[in-house]
Amino acid sequence: MPADFNWAIGGEAGDGIDSTGKIFAQALSRAGRHVFTSKDFASRIRGGYTAYKVRTAVDPVQSVVDRLDVLIALTPRTIEENLDELHEGSVIIYDGDRTTMENVEIPEGMVGLDVPLKRLAEEAGGAIMRNVVALGAACEVSDFPIENLDSALEKRFGSKGQALVDNNKEAARKGRDYVAEEYDHEFDYELETTDADYVLLNGDEAIGMGAIAAGCKFYAGYPITPATDVMEYLTGRIEQFGGHVVQAEDELSAINIALGAARAGARSMTATSGPGIDLMAETFGLVATSETPLVIVDVMRSGPSTGMPTKQEQGDLNMMLYGGHGEIPRFVLGPTSISECFWKTVEAFNLAEKYQTPVYIAADLAMAVTEQTFPPESFDMDEVEIERGKVVDEETIDEWQNEKGQFQPHAITDDGVSPRAFPGTAEGAHMSTGLEHDELGRRTEDKEMRVEQVDKRTRKVETAREEEDWTPREFGNPDSENLVISWGSNEGAMTEAIDFLEEEDVDVRFLSVPYLFPRPDLTEEVESAENVVVVECNATGQFADVVEHDTLARVDRVNKYDGVRFKADELAADIKAALQEADQ
Amino acid sequence: MSSDVRFTDFKSDKQPTWCPGCGDFGTMNGMMKALANTGNDPDNTFVVAGIGCSGKIGTYMRSYALHGVHGRALPVGTGVKLANPDLEVMVAGGDGDGYSIGAGHFVHAVRRNVDMTYVVMDNRIYGLTKGQASPTSREDFETSTTPEGPQQPPVNPLALALAAGATFIAQSFSTDAQRHAEIVQEAIEHDGFGFVNVFSPCVTFNDVDTYDYFRDSLVDVAEEGHDRTDYDAAKEKILDADKEYQGVIWQDEASVPYDQKHGLDEDMSEIDEGAPEGAMDLVREFY
């Protein structure tokens, strides 16, 4: 019996796929099993093909694999779309009474369970519960006690009344009993439960929660896939902590509203995806030049232009590293997992305020809309530290005034960081501007002051480079001659790929880099390795380029840009092939 | 807020580089008077400026200020005010900044009705780039980029504001110092988005919409017995193509500003030293 179990429900958009999948994932999580979910979805509200996939195991799971054990198929297309992942013995649950499924062909070697989902749902109180009937059937197939489903159903429907909860429980049991009675078949699966308590969340939610934890009280944004979940998460929650969310008229406005709040002293954030980052590039330079702390999240999706809005890609790295006219000091953090989405967001706010600089959080679709289980201690709020940098108040402001008693928000300092006075601070009135300015924040074209201000802003990043920890995360065999480097959400697939590779006697050292600028100097690591492979979800190898630039070495590249994240087994094969090619 | 603040306290020690005779001098003086008259002081005032001649105002006034990118001053002001409603927020810009590149933001700032003041120095020309047509330039106004005139009707900013659901619409003339200051003061005192379009003539590049033109043609609605709370009367004045008006043309007395609707009354710059109390509940929600 395989240690992990892979399950999916698929149908058309509008079939309730997402909420059904979420109930099953929640039930598994509440039963003390680890869960990793993924979605196949399209940018449409009705029709098409959409699926919610769940991988679960007693041990942590942090990736998807190319295998599907049980599939609830509401449409024939759901089966077609998953032929590669289905295998001999896979179980397909479907409703043969549904006109479109009447003549559906179950591929050779697979087990088709024709369950009258709609009819059983009607018996339980309404056709709308047919997906829950299917969940009950899936429980029977996977030997997963149906009581675990109950708590997830209560969470989902509790607010709508006990009657609805009971009907759903009944519907699930009808599905279970039907399979038990009608199919005399031994299934290969047994989903054991444990006493562990896990939380289940996606990357966007982790970013939103990280923001609140970090004291962010202001968010302005414009809806865009796949970043909207950040805004939806914060709405209704940030208010409980004294904050506010503004839905702006566009991204140009969103970043400027967020900038205004930051000028007023609030910890402030905006989140968007590539098309929004393009628009925000205009104000990005102003944020940096006016030395305003601001956190900007880019949840990357497939580009360029509108690209594939619901598909994975890590194509915006260059935009975040270099975007904007002129030379702009910045930080770019790249969380490498869902829990790191939380911690990197906390870190981003501290960096932004300590160095009065915009900070990008480079997240990607594959982590943003994917849910994963964690022990709640992974988000220990007591571990959150707040560092606000050089904020002056009425007592200390005179240290930063010139001989005329004027506050100097852009004072030239050794570490490059100037004092910050929040509006309302007595004797602190000052301006700032996107024009080059003097220490008072007033326009200047004085040659010496221009150079001093540019150097000062650059010096902030240099100070941070020395003061902060930019260490990459390390996995695998530290002494291996094969070095794999990646960034972003590939970490999960890669850490699992290490196990697959081990089975084939290939060992690797894996560095997962969460700091994209400033970033760790990997020269030593690259030089001491025989083969170096950089893994990323884009076509040109943007991170591979910067590794080559930094280390003055050539690296091999594994790139994926078909819109789908790396799967652990597939990635292992790709890396093995890359290493073999390098050895030839 | 101290009561002995004089309007000159809002003046910085930087001399304006506007052309001698520029309308913006008067516009700015009126803003400073209005701020002082409403009990504000430089340390609780935040001025946001856009790009253009008008955008320089942040430098010449003494207050907290940000001189931003072209056309986006209103969003910045929105963020400042919502993050700290104790601040008096005044946004200033020109007709190009507000009605061309920033027109989208103007409409939505009007709708949002945040409690701040927006002063537009409308000279019906692009001054800083040396004389091109602006969105309020006349249809036949010849400029370097429109040798035969723009050949399109000018934007009527007051009508745009009214259509977007404005709660305060006024117009003033920079050289009529007392009236201009009074009108800006009323905009500050208004509970909501106080919008004042100020005729602020450009003596260098606009020889049509001059001081003389406005002096001769302006009609003060206050002298006509206009009822500013009468929507239909306001609409009639705003759509009247034959006359230029000054004064407060429309005020919605029932206006409830965005900040108030959302219960925003705290300075968001203050935060805890660690994660806020109760943050662990957020984690538990994901069980």
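Two strands count as paired here if DSSP finds at least two bridges between them. Keep that in mind as you open this predicted model.

**Stop 1: the sheet.** Select the nine strands of the open sheet, in the order S17(A)-S2(B)-S1(B)-S3(B)-S4(B)-S6(B)-S5(B)-S8(B)-S7(B). The pairing is mixed. Now colour S17 (431-433) of chain A and S7 (218-220) of chain B: these stand at the edges with a single partner strand each, so one side of each has no neighbour in the sheet. Looking across the strands, you will find neighbours turned by 20° against each other on average, direction ignored.

Stop 2: Zoom in on S17(A) and S2(B), which run parallel and are joined by three bridges. Pick A:Met431 and you will see its bridge partner in S2(B), B:Ala65.

Stop 3: Next, select S1 (residues 45-49) of chain B, which pairs with S2 (residues 64-67) of chain B in the parallel sense over four bridges. Here B:Ala49 stands opposite B:His67 of S2(B).

**Stop 4: the contact between chains.** Finally, show the 48 residues of chain B that are in contact with 60 residues of chain A. Which element gives the most to the side of chain B that touches chain A? That is H3(B), with eight residues. Among the other elements supplying at least two residues are H2 (57-60), H5 (103-112) and H11 (279-284) of chain B. Colour this side by class and you get 23 nonpolar, 16 polar and nine charged residues.

Notes:
Residues numbered from 1 in each chain as written. Chains lettered and ligands numbered in written order. Predicted model: local features only at pLDDT ≥ 70, side-chain atom pairs only at ≥ 80, totals over all residues. Axes fitted to C-alpha atoms, helices over the stretch in contact; angles between N-to-C directions. Contact = placed C-beta atoms within 7 Å. Nonpolar A, V, L, I, M, F, W, Y, C, P; charged D, E, K, R; others polar.
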